Amino acid sequence: VLQPPQIGFARTTNEYYHGNPAVEFVMIGGPSGTISHGDSPTRRRIFVCTPNAPAAEEPCARKILSSLAVRAYRRPVTNDEVNTLLEFYRSGAAEKDAEKDFDLGIQRGLERILAAPAFLFRVEAVPPNARPGEPYRLSDLDVASRLSFFLWSSIPDDELRNLAVSGQLKEPKVLEQQVRRMLRDERSEALVDGFADRWLGISKLAGIVPDTDIYREFDEGLRDAMAKETQLFVASQLKEDRSVVELVTANYSYVNERLAKHYGIPDIYGPRFRRVEFTDGVRGGLLGQAGILAVTSYPNRTSVTLRGRWLLANLLGAPPPPPPPDVPALKDPGQDGQPRSLRKRMELHRQSAVCASCHQRMDPLGFSLENFDALGKWRTESDGAPIDAAASLPDGTRFEGITGLRHLIDTHREDFVRTVTEKLLAYAIGRGIESSDYPFIRKISRDAASQDYRWSAIIWGIVNSPAFRMGVSGSEGVLAARNEGVHK
């Protein structure tokens, strides 16, 4: 029987379908019975030297711990910081009664590094003479840290950090070269997990619990496939440096057998995801993806309001205000004499002037997606009535269905690109967007137009902007670190 040193499990949603038995959780532990310290790539990266005599142990420990601290703190370390780590090394090495344990000493020093505020937080140095509210230029080391967490969700590598230490990173050509190098690196896929999942709301998929009396086909395989489709699609857009407009207008996506069955696509077999091009105008791009359609629905039905609000806030940059208090919920079809058609029930809901002011912008966008059910499956009728996907905006613009919605966003691509830029800038600088940032956002999107709004043009525009390369005294001196990949 394994005695695991640690236990981990995921997914908190109830997986007992219709009362049938299911696995509650799985524990994996190990290694078990290991006597030696072993060998691994991680161990070799930590132990950059090996003492061959007792007198060489402390100098080697100094070299190991100072090397680790430079990477973990993302800057050169002081003698006092290294001496503090050596105190922990000595304490750990002396813990065993029999003889001095070098590895245990390094472990204690490493534990101290991982508990240091310099590791847990990104602390951006403010010039001592800076007055509150006064902008200042970030140091090269702080720019390197921002850039690395932006593109890799991890610490700067040796090349980026050394350029910062030498003062070369402030040179525009050097900085641009580093941005392009980092985007080519496979670690840039962290942008998909770190930014795209949050922006699009795909991270919410893990918590959705559809009504299985209505959506009997839902299972964990479908949930996972929904998330994977969006991740692979956005990753392909970044890797191929496509125009960000193609997030909406692209005619392809990624499916495996489980998702293909959900979409009604024949001749796709196995768990492997493959790129599929569509000619029907239904799938392809973000708007036809089941994951996005599922997180903008209720467990038992679609919601034109949720979907419309999501489109306004995340794609068009015009979020409606929060709903007023005590707004009554939309009644079920046929309840209290309510019409069965969703469109008719929404028209009754909008009779209130307070509700109409927001719903007249949200609902038309949501109605254009009504051919997709709450799990993103295509349908032609709902509640026993044919679906009417025609929509009309307050300014008189008319469009119909998913095809019309794609065309609408494409014709307003400047608004879409500004919205993507705004979301990406907020992620890059680790704070909310302020009014002073909007001139930079408009400039970045305008300048990117000459390069067809490619990802690289927008990312470079963000990195080269004052919003990214400068701070403001008294505003965001300490940023919580996104350390998802810092241990790698």
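At 38% relative accessibility, Arg90 counts as partly exposed (buried means under 20% relative accessible area, exposed over 50%, and partly exposed in between, with a 1.4 Å probe and protein chains only). Its partner is Glu58, and the side chains of Glu58 and Arg90 meet in a salt bridge at 2.8 Å, N to O (a salt bridge being a side-chain nitrogen of Lys or Arg within 4 Å of a carboxyl oxygen of Asp or Glu). Glu58 sits in helix α2 (residues 57-73) and Arg90 in helix α3 (residues 79-93), so the pair ties together parts that are 32 residues apart in sequence. Helices here are DSSP runs of H or I with at least four residues, strands are runs of E with at least two, and both are numbered from the N terminus. Glu58 is partly exposed as well, with a relative accessible area of 30%.

A word on the model itself. This is a predicted model, in which local features need pLDDT of at least 70 and side-chain atom pairs count only at pLDDT 80 or more, while totals for chains, interfaces and linings use all residues. Residues are numbered from 1 along each chain as its sequence is written, and side-chain values use heavy atoms, with hydrogens and water left out.

As for the chain overall, the secondary structure comes to 21 helices and 10 strands. Of the 488 residues in the chain, 47% are buried. Taking contacts between residues at least 6 apart in sequence, 66% join residues at least 24 apart (contact means heavy atoms within 4.5 Å). Helix α14 (residues 304-314) is a mostly covered element, with 8 of its 11 residues buried. Among those buried residues of α14 are Arg307, Trp310 and Asn314.

Back to the charged pairs: the structure holds 23 salt bridges. In one of them, the side chains of Glu240 and Arg275 meet at 3.0 Å, N to O. This pair links distant parts of the chain, since Glu240 is in the loop between α10 (220-239) and α11 (246-249) and Arg275 is in strand β4 (residues 274-277), 35 residues apart. Both ends are partly exposed, Glu240 at 34% relative accessibility and Arg275 at 38%. Another salt bridge joins the side chains of Arg242 and Glu246, at 3.1 Å, N to O. Arg242 counts as partly exposed too, at 29% relative accessibility. Elsewhere, Asp157, Glu159, Arg181, Asp185 and Arg187 are linked in a network of salt bridges.

Next comes helix packing. Two packed helices are described by the angle between their axes and the distance between the axes. Helix α18 (residues 413-429) and α20 pack at an angle of about 50°, with their axes 10 Å apart; the axes are lines fitted to C-alpha atoms, for helices over the stretch in contact, and angles run from 0 to 180 degrees between N-to-C directions. That makes α18 oblique to α20 (angles under 35 degrees count as roughly parallel, over 145 as roughly antiparallel, 65 to 115 as roughly perpendicular and the rest as oblique). The contact is made by Val417, Val420, Thr421, Leu424, Leu425 and Ala428 of α18 and by Trp455, Ile458, Ile459 and Ile462 of α20. Sorted by class, the residues of this contact of α18 with α20 come to 9 nonpolar, 1 polar and no charged (Ala, Val, Leu, Ile, Met, Phe, Trp, Tyr, Cys and Pro count as nonpolar, Asp, Glu, Lys and Arg as charged, and the others, Gly among them, as polar).

Helix α20 (residues 455-463) also meets helix α8 (residues 172-184), with axes that come within 11 Å and cross at roughly 135°. α8 and α20 are therefore oblique to each other. On the α8 side the contact includes Pro172, Leu175 and Arg180, and on the α20 side it includes Ser456, Trp460 and Val463. The contact of α8 with α20 has 7 nonpolar, 1 polar and 2 charged residues.

Trp455 is found in helix α20 and counts as buried, at 3% relative accessibility. Leaving aside neighbours within four places in sequence, Trp455 is in contact with residues including Phe195, Asp241, Arg242, Val420 and Leu424. Trp455 and Glu240 are 215 residues apart in sequence and 9.0 Å apart in space, C-alpha to C-alpha.

Ser445, in helix α19 (residues 438-448), is likewise buried, with a relative accessible area of 7%. Beyond neighbours within four places in sequence, Ser445 is in contact with Val417, Arg418, Thr421 and Tyr453.
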